[in-house]
Structure formats: C-alpha cells, structure tokens
Amino acid sequence: MGTAIQASSEAKEGRDQLECVQGRMNFARRTPDENAPAAATPEGFDLPMVSYAVSIRNARPIVNDLSLDREGFKLIKHKASSVSEPDPEIMAQKYLAEMVPFIKDYFNASRVTTVDVGGVTVRSIDESSVARAWGGKNQRTLRNFGAGFAHVDYAPVACPLVAARDAQLQGIEIRPYSRLMIIQAWRALSPPPQDFPLAFCDASSILPADLFETYQRKYGTSIRTLFLHHNPAHRWYYLPELNSDEFFMFKGYDSDKHYDPRSAHAMFDNRHAYPNAKPRKSVEARFYVYYD
C-alpha cells in the first residue's frame, strides 16, 4: 500500500512539472458572492457564469498514461483518409464510415450507433475561413463557434433517453443492452498549433460538488447537461501540436458505475502563447457504444 501511495504521489508531482499555458475559461457560478469576473451565459442555457484564468498542461509527455476510466480521455493514433475531403457534408459521411467500425473494434462492442443529425460536427472557429474553405455553406454539419465553457455534454440521467431518442429518429430498433457508453472523438483538421484548441479536465480531479446539472434548451430539444464549477485543484490538459492523424477520445457517459469518469472540456484562446497559431478547424463525432 505504501509503495502504491508513493507512486501515485510521484506521478502527480511529475504532471505538475509539465509545460503549461494560461487560458481563460467560463464556469458555472458556485455561490452568489463568488469573487470572479462575470461571463456571458451560453445560448440555450439559463445560469450565471464566471471567468477564470486556468493553467493548462501539455499532455504530450503523458499520453501513454492517460485512461478513459481514470482521466476520462486519451489520445488515439488513427489516420482517416476522409479528412482531406473538401465538402463538409461528404466528409462527414465518409468520416462516419471510417470511425464507426473503428470504435466498434476498439471497444469490442456489440454495436455502435451515432447521434441523429449524422453524428458529425465540423467546426471552423474563424468565420472567414468557413466561407473561404466551404463557400459559406450553412449545413447543420458545419458550425463556426466552439464552447469556451467547462462542461460535460450530457448529465448521466439524460444519456439512456438521448440514446433511445436518437435510435428512434434513425429508425433503429431499440434493443436491450448490458452496458452503454457515449464515446466522443475530437480531431483537429488545421495544422498545429491551433488558436482555439480543446482542453480536457482530468476526471479524477473533479469532485461531485464541482458539477452543476442544468438544462440545455437548443436545437428544438431540452437536454440535461453538466457544467463545471471552478476548482483550483482541477488538472487541465491539451496538445499544442495535435495533428489530423490522431484524435482525442473521451467518455461522456458509462452506464457501468465502476467506470464513472466523464471528461469535462472547453475551448480556450491560445494565441498569447502562440501568436502565429493557425485558425482552428476540427471535426467531432459522438458514438453510442452498446454491449448486449
């Protein structure tokens, strides 16, 4: 036992020494008298927000130690030929055709399905690059904004309902299962470093009291989701040199309570550390992973 505690302590100290940058993120206000600058409430939500400067570590030296069942996220090496497709709608279709079987094999799952609107979102944070790259197309697949607030996309109580809804919308038979996971994949399409990368909070550093459940009322639906309260003990990570031949896999839900960690995430402005950073383009997908 003593050796295990010592090893854990040494690992934490090693991570504390990782190179880091400072980025501002928005959090749900914890108390009415919280001493932090007020921030804008995201569209579709109704809760007071505050802003904090956060230390965000470069995860590259520890990527082989990251675990979905501890930190809630990990880096996966995977080439996808579809990411070179210029049309976002066609790319989304081809991307799912590559990713669904990969996710199924990776988890040795019984079956894998996706969300109702194609399962893929392509983001180009710089609005001018949307028009430049894709002719200003306004598909639901393509969005020119990201989330600069710390959140988990679904509250646990909502996940089985969302999975059943999406199956019904796609005409997929709703079948019994022994375990359901929501697995998310985030891949940068633009070259590194990106100006607004995605950061992940180590789930093992999040206390139950740090999570705030609320409703998202957007896109014609109302879904229970989780926001994060700020806690200086949180450990945030990102990769400044992330390329399109790798992606972040993270866990949004797991019905097996033994593997509870869910990874909160947020976009942040990294142009202070990298003034010549490239405008971010990225692709993200969500998968329902079932075991019979």
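Among contacts in the protein chain between residues at least 6 apart in sequence, what percentage join residues at least 24 apart? The share is 78%, where a contact means heavy atoms within 4.5 Å. The model is predicted, so local features need pLDDT of at least 70 and side-chain atom pairs count only at pLDDT 80 or more, whereas totals for chains, interfaces and linings use all residues. Residues are numbered from 1 along each chain as its sequence is written, and side-chain values use heavy atoms, with hydrogens and water left out.

**Figure 1. Overview of the protein chain.** The protein chain contains 4 helices and 16 strands; helices (H or I, at least four residues) and strands (E, at least two) are DSSP runs, numbered from the N terminus. Of its 292 residues, 52% count as buried. Buried denotes under 20% relative accessible area, exposed over 50%, and partly exposed in between, with a 1.4 Å probe and protein chains only. The accessible surface of the protein chain is about 13800 Å², and carbon and sulfur atoms account for 52% of this surface. Accessible areas come from the Shrake-Rupley method with a 1.4 Å probe; for residues, only the protein chains shown count as cover.

**Figure 2. Strand β16 and its pairing partners.** Two strands pair if DSSP finds at least two bridges between them. Strand β5 (residues 111–114) pairs with β16 in the antiparallel sense over 4 bridges, and R111 has Y290 as its bridge partner in β16. Strand β9 (residues 179–188) runs antiparallel to β16 and is joined to it by 10 bridges, with A188 opposite S282 of β16.

**Figure 3. The buried face of helix α4.** Helix α4 covers residues 159–169, and its residues C159, V162, A163, D166 and A167 are buried. Seen down the axis of α4, these buried residues fall within an arc of 135°, so they line one face of the helix; the arc is that of the directions from the helix axis to the C-beta atoms. L161, Q168 and L169, on the other side of α4, are exposed. The buried residues of α4 pack against β5, β9, β12 (221–228), β14 (246–254) and β16. G171 follows α4 and has a positive phi, near 70°.

**Figure 4. Helix α2 and the residue that follows.** Helix α2 (residues 88–107) has 20 residues, which at 1.5 Å a residue should span 28 Å; its end C-alpha atoms are 27 Å apart, in agreement with that value. The expected span is 1.5 Å times one less than the number of residues in the helix. Buried residues of α2 include M91, Y95, M99 and F107. At the start of α2, a side-chain oxygen of D87 reaches to within 2.9 Å of the backbone nitrogen of E89. N108 follows α2 and lies in the loop between α2 and β5. The phi of N108 is near 50°, a positive value in a residue other than glycine. N108 is exposed, with a relative accessible area of 66%.

**Figure 5. A cis peptide bond between two prolines.** P192 and P193 are joined by a cis peptide bond, with omega about -10°. P193 is located in the loop between β9 and β10 (198–201).

Technical notes:
Polar contact = N/O pair within 3.5 Å; in protein donor to acceptor, adjacent residues only side chain to side chain.
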